[in-house]
Amino acid sequence: MKLFDVYPLNNIAITRALGSYVWDDQGVQYLDMYGGHAVISIGHTHPHWVRRIEEQLEKIAFYSNSVIIPVQQQLADKLAQVSGKQDYQLFLCNSGAEANENALKLASFHTGRKKIVAFSKSFHGRTSLAVAVTDNPSIVAPVNETENVIFLPFNDVDALKACFQKEGDKIAAVITEGIQGVGGINVASDGFLQTIRALCDEHGAVFIADSVQCGYGRSGHFFAHDGAGIQADIYSMAKGMGNGFPIGGILIAPHIKPKHGMLGTTFGGNHLACAAALAVLEVIEQENLISMAKQRGMYLMNQLKAIEGIDHVRGKGLMIGFDVPEKLKGLKKQLLTEHNVFTGEAKPNVIRLLPSLALSRKQADEFLDALKESIQELLQNEG
Ligand SMILES: Cc1ncc(COP(=O)(O)O)c(C=O)c1O
């Protein structure tokens with residue numbers, strides 16, 4: 001049987017991983033500055049994570065949400081403590097799109113309204129509502145098209161105010177990433193997030209903070225939106241939550257009340273996924289990874305800003321992007337094929353860095369050296 005060919009692949013088979021390194025089937029070592037798309041939070045194959053999953057696997061891997069699953073409550077308690085969102089409620093699912101799908105649906109149930117405000121260059125996933133609020137028509141199927149979504153320019157406070165003035169009583173939710181990932185590492189300004197908060201309060205709309213990529217400590221705060229000093233009504237989470245074990249979820253503010261049957265899932269919150277997610281939080285706490293991400297991110301950004309040839313270095317913590325000029329357009333490939341470094345990208349010309357939050361200073365330097373050498377090599381080849 002053929003695999004459905006939807007991914008443009010690098011011709012590399014990864015078979016082993018540890019910390020910030022991965023190895024291919026030939027034994028070649030790569031530095032992972034991409035974190036398997038921002039998923040690897042505590043480092044690949046972390047021994048505590050492996051042990052917790054193994055221990056859980058030997059007891060029970062799955063039972064449905066028709067019984068009490070004690071590890072769900074353990075996870076909720078730990079998440080309350082590490083995120084600081086003590087009075088929020090947790091609903092568990094399996095992926096980022098599903099988290100946003102549930103967040104949007106819940107906002108609509110809660111308000112009885114239909115309109116959603118989303119922003120240019122947003123990415124919220126590929127399920128029907130999540131893709132409808134994603135600013136990329138090429139991945140929206142005809143059946144996902146809806147008139148219920150209003151797209152506004154990102155970080156544009158005036159456009160937001162004008163929209164609420166006109167349609168405020170119809171708006172169920174505003175959804176935004178704290179730092180846009182797929183859109184190219186665009187940081188939401190504090191003023192923008194504070195305005196969303198104020199307008200949602202004024203008009204009874206729900207503020208959804210998509211933290212699927214920028215959450216879980218990556219930005220140097222638990223949620224990137226925390227940096228603006230505001231609380232969202234719903235936070236969606238996934239990627240870093242399981243360090244590669246599929247799990248997603250939403251944190252829901254106390255004023256949004258549950259009703260039996262309102263949301264539901266077969267696999268969400270299963271024993272094994274919760275054990276993996278619990279291990280992630282324990283390691284984040286024990287290894288102080290949120291402040292590590294902040295420090296390492298500042299170091300990397302400062303060093304990157306001093307490198308000639310790349311432009312507009314931006315981001316927060318270990319979610320960093322920079323623009324690659326036309327003459328260096330082969331930079332991502334050069335890093336991978338000549339220096340064995342994985343990086344992420346955002347079309348058309350952005351390199352995205354999304355390494356493990358446990359990236360060491362030595363590994364950061366290894367990346368910076370590889371980057372400088374790659375730039376030199378490309379310039380020499382051109383000249
Ligand atoms: C901000 C954001 N939201 C949602 C998603 C969708 O997550 P998933 O691929 O787990 O469905 C992504 C994935 O890249 C994302 O970056």
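Analyst: W23 stands opposite Q29, a residue of β3. This is a predicted model. The two strands here are β2 (residues 21-24) and β3 (residues 29-32), and they pair antiparallel over three bridges. Together β2 and β3 make a hairpin, with four residues between them. G27 sits in that turn and has a positive phi of about 85°.

Strand β3 has another partner. Two bridges join β3 to β15 (residues 341-342), and this pairing is parallel. Here L31 has V341 in β15 as its bridge partner. In general, strands of a sheet pair through backbone hydrogen bonds, either parallel or antiparallel.

Now to the domains. The assignment for the protein chain gives domain 1 (26-43 + 292-356 + 363-382) and domain 2 (47-286). Their C-alpha centres lie 27 Å apart. Domain 1 gives 20 residues to the contact, and domain 2 gives 23. On the side of domain 1 that touches domain 2, the elements giving two or more residues are α1 (35-38), α9 (289-305), β13 (311-316), β14 (319-323) and β17 (350-353). The residues on that side divide into 10 nonpolar, six polar and four charged.

Next comes an open sheet. It has seven strands in the order β4-β12-β11-β10-β7-β5-β6, with mixed pairing. The edge strands are β4 (89-93) and β6 (149-152), and each pairs on one side only. Neighbouring strands of the sheet are turned by 20° against each other on average, direction ignored. Q89 has I252 in β12 as its bridge partner. Helix α6 (residues 157-167) packs on the sheet. Helix α6 touches β5 (115-119), β6 and β7 (171-177), and its direction makes about 150° with that of β6.

Last, the nonpolar core. The largest one holds 112 residues. A173, I208, I234, A276, A277 and V280 touch the most other members. Helix α8 (residues 271-286) supplies the largest share, 12 residues. The core also draws at least three residues from each of domain 1 and domain 2. Take A173 as one example: leaving aside neighbours within four places in sequence, A173 is in contact with L104, A107, I116, A205, V206 and I208. In soluble globular proteins, nonpolar side chains tend to be buried together.

Conventions: Residues numbered from 1 in each chain as written. Predicted model: local features only at pLDDT ≥ 70, side-chain atom pairs only at ≥ 80, totals over all residues. Pairing = 2+ DSSP bridges. Axes fitted to C-alpha atoms, helices over the stretch in contact; angles between N-to-C directions. Contact = placed C-beta atoms within 7 Å. Core = buried A, V, L, I, M, F, W, Y, C linked by C-beta atoms within 7 Å. Buried ≥ 20, exposed ≤ 12 C-beta atoms within 10 Å, placed from the backbone. Domains from an automatic or database assignment. Nonpolar A, V, L, I, M, F, W, Y, C, P; charged D, E, K, R; others polar.
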